[in-house]
Amino acid sequence: MANTPTLSVVVPCYHIESYLPETVTSLVNNARDDFEFLFVEDRSTKDRTYEALLALTRRLGNSRIVRHENNGGLATARNTGIDLAEGRYLTFLDGDDWLAPGYLARLVDVIERFDADFVRTDHVQVTGVERALHRAPEGRRHTLLDPRSSILPVDDTTMVDYPYAWAGIYHRRLLDRGLLRFHDGLRTAEDRPWIWDLHRRAESYVVASLHGVFYRRGLAGSLTQIGDVRQLDFFRSFDLVLGELAADPEAGRLRAKALRNFCVVIAHQLLDRRRFERGVAVRLKRLAAEALGAMSEEELSEAVVGMGEERVHVLRRVRGGMTGVAA
């Protein structure tokens with residue numbers, strides 16, 4: 001590419017051979033001469049993802065494939081793409097998802113118009129043949145916002161509860177300020193420290209009512225459907241969030257929100273623990289008890305208000321000593 005690209009699209013790929021034709025076709029339908037497409041093949045072993053990429057991307061201009069020597073996980077794959085990206089803006093797409101025609105141009109138009117640090121969008125969740133629109137949980141649309149203003153309140157769904165990196169576009173200047181990269185090696189919940197960092201430290205953002213990202217759920221090979229030890233990385237992820245919050249000027253207020261995030265995820269995993277391998281389920285329960293035990297009674301009581309009886313009950317049973325906590 002002769003000139004600096006306007007946009008770099010980072011596409012991590014791992015065991016998604018059967019979905020790649022739709023993914024790549026959607027990028028062909030979004031391509032521009034000033035867009036580049038970076039595919040990071042994370043050393044697939046169960047299918048021919050790499051070979052499929054070599055064949056399919058021949059019709060996608062300004063595309064590049066990088067193959068990891070060893071599988072590193074989604075966070076590391078995204079970081080590889082970020083390190084290679086040359087665009088003024090960056091965005092992400094998981095290798096088994098796809099975009100509506102012309103979506104990337106509309107996304108670039110929004111961030112250029114507002115000169116924001118980043119833009120967040122809605123998305124369409126695809127489960128089998130069913131499609132459902134999921135709105136970013138911020139009602140203020142198409143106006144420049146302070147990212148911190150969308151973290152609280154504690155007991156409501158906010159933008160830090162909507163961590164999907166692919167639902168947005170990000171200015172390169174965030175990289176210059178030490179933002180945008182993911183924590184290497186996280187196998188799940190990799191977006192959690194990342195979204196908290198953005199909303200704490202970036203200066204401006206916009207929420208756009210764009211519905212061009214199609215996100216597949218419930219895939220048999222997806223990590224969210226597999227009950228192995230990689231799922232437990234969410235404990236490390238939230239440890240990172242809480243550790244990074246400690247030095248924040250508003251640490252007290254923001255910690256309460258992070259603890260609620262953490263409790264919601266712990267409860268979800270405990271209620272779904274039958275999908276885990278036996279040894280992993282035992283470890284999940286132990287780590288959950290340790291994490292909940294590290295919270296004071298006051299912190300925990302605030303974190304679980306309004307979470308619902310079932311989730312509060314499972315947290316109470318694992319931790320113990322939560323009498324009187326409101327559901």
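**Entry 1: salt bridges**

I counted salt bridges and got 27. My rule was a side-chain nitrogen of Lys or Arg within 4 Å of a carboxyl oxygen of Asp or Glu. The model is predicted, so I took local features only at pLDDT of at least 70 and side-chain atom pairs only at pLDDT 80 or more, while totals for chains, interfaces and linings use all residues. I numbered residues from 1 along each chain as its sequence is written, and side-chain values use heavy atoms, with hydrogens and water left out.

**Entry 2: D117 and R173**

I looked up D117 next. Its side chain meets that of R173 in a salt bridge, 2.6 Å from N to O. The pair links distant parts of the chain, 56 residues apart. D117 sits in the loop between α4 (103–114) and β6 (118–121), and R173 is in helix α5 (residues 173–176). I took helices (H or I, at least four residues) and strands (E, at least two) as DSSP runs, numbered from the N terminus.

Is D117 buried or exposed? D117 is buried, at a relative accessible area of 2%. R173 is partly exposed, at 22%. For these words I used relative accessible area: buried is under 20%, exposed over 50%, partly exposed in between (1.4 Å probe, protein chains only).

**Entry 3: two further pairs**

I found a salt bridge between R181 and D184, with the closest N and O atoms 3.8 Å apart. R181 is partly exposed at 37% relative accessibility. D184 is partly exposed too, at 41%.

I then checked E297. It forms a salt bridge with R319, the closest N and O atoms being 2.8 Å apart. E297 is in helix α10 (residues 297–304) and R319 in helix α11 (residues 309–319), so the pair ties together parts 22 residues apart in sequence. E297 is partly exposed, with a relative accessible area of 36%.

**Entry 4: a network**

Which residues are linked in a network of salt bridges? I noted R148, D197, R200, R201, D248, E250 and R253.

**Entry 5: nonpolar cores**

I turned to the nonpolar cores, sets of buried Ala, Val, Leu, Ile, Met, Phe, Trp, Tyr and Cys residues joined through side-chain atoms within 4.5 Å. The largest has 97 residues, and F235, I266 and L315 have the most contacts inside it. Helix α8 (residues 251–271) gives the most to this core, with 9 residues.

I listed the contacts of I266 (heavy atoms within 4.5 Å). Leaving aside neighbours within four places in sequence, I266 touches F234, F235, A288, A291, L292 and L315. Another core, of 5 residues, lies apart from the largest one; W98, A100, V124 and V126 are among its members.
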